[in-house]
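User: I have a model open and want a quick tour. Can we go through it piece by piece?

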Amino acid sequence: MAGYRDIQDECYEANLLLPRFKLCDLTFGNVSVADHSRGVFAIKPSGVDYSVLRPEDIVIVDLEGKVVEGSLRPSSDTPTHRRLFLAFSGIRAIVHTHSRYAVSFAQAGKAIPCLGTTHADYFYGEIPVTRPLTAAEIDASYEWETGNVIVERFQKLDPDAVCAVLVLNHGPFAWGPSGKKAVENAAALEIVAEMAYRALQLNPQSPAIPEHLLNKHFFRKHGKNAYYGQGS
């Protein structure tokens, strides 16, 4: 797989971060990394335990859904990843987990409200939740239609500003410019989900962050005028 070893290695390393950050139980979860210039992406093989995963196990799939390289079956969520790569051309990596607090919001059908600055540092507003899939969508092409409801939910949202979503009754997807950054965003999503859950337990009427404070925290880390950190 020398021709795709760069994204294969990046994908492998990012997948190993999921159990390290406690973002998955058992084999739930996967990371993919795309090379849009070559029209392919690398993704974790289906059901392979992280403890035995090897770089050469990572499967290469093209943007038409065909396995290009790899002897194992790609993740069952591959069509969802493919749909998002096709719709959101600015993202290079996608993470799907079943992290517990984010899943709690997904199962409750509740968006994760932006209540404070930790959330605002990563996401420009609430983390949205999708509509339910219809029986026909589930029966026809479940994983592809999962991607479709995410794309539908983002018709009026910027996926670069809100880099995560909750699929109703299912769980979170997050994305970013690299495998490592996408996992970081997934970890941040789980952190803010837990914070929001606890805040709402203490005060069910917890107020959303004021817009001017949201703007300050998000744009000091994102965009052309960002000044947080040491830069490139």
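**Working notes**

Analyst: Start with His96: it is buried, with a relative accessible area of 0%. Buried means under 20% relative accessible area, exposed over 50%, and partly exposed in between (1.4 Å probe, protein chains only). This is a predicted model, so local features need pLDDT of at least 70 and side-chain atom pairs count only at pLDDT 80 or more, while totals for chains, interfaces and linings use all residues. Residues are numbered from 1 along each chain as its sequence is written, and side-chain values use heavy atoms, with hydrogens and water left out.

User: Which strand is His96 in?

Analyst: Strand E5, residues 93-96. Strands (E, at least two residues) and helices (H or I, at least four) are DSSP runs, numbered from the N terminus.

User: What does the side chain of His96 make a polar contact with?

Analyst: The side chain of His98, at 3.3 Å. A polar contact is a pair of N or O atoms within 3.5 Å; within protein, one must be able to donate a hydrogen and the other to accept it, and residues adjacent in sequence count only if both atoms are side-chain atoms.

User: And what does His96 touch, not counting residues up to four places away in sequence?

Analyst: Gly29, Asn30, Asp77, His81, His170, Gly171, Pro172 and Phe173. Contact here means heavy atoms within 4.5 Å.

User: New topic, helix H2. How many of its residues are buried?

Analyst: Seven of ten, so H2 (residues 78-87) is mostly covered. The buried ones are Thr78, Thr80, His81, Arg82, Arg83, Leu84 and Phe85.

User: What covers the buried residues of H2?

Analyst: The cover includes strands E1 (30-35), E2 (40-43), E3 (59-62), E5 and E7 (171-176), along with helix H5 (135-153).

User: On to H1 and H6. At what angle do their axes cross?

Analyst: Roughly 20°, and the axes of H1 (residues 5-20) and H6 (residues 179-202) come within 8 Å. Axes are lines fitted to C-alpha atoms, for helices over the stretch in contact, and angles run from 0 to 180 degrees between N-to-C directions. H1 and H6 are therefore roughly parallel to each other. The cut-offs: under 35 degrees is roughly parallel, over 145 roughly antiparallel, 65 to 115 roughly perpendicular, and the rest oblique.

User: Which residues make the contact?

Analyst: From H1, Glu10, Ala14, Leu17 and Leu18; from H6, Gly179, Lys180 and Val183. By class, the contact has four nonpolar, one polar and two charged residues. Ala, Val, Leu, Ile, Met, Phe, Trp, Tyr, Cys and Pro count as nonpolar, Asp, Glu, Lys and Arg as charged, and the others, Gly among them, as polar.

User: What about Asn169?

Analyst: Asn169 has a positive phi of about 65° although it is not a glycine. Asn169 is found in the loop between strand E6 (164-167) and E7. At 55% relative accessibility, Asn169 counts as exposed.
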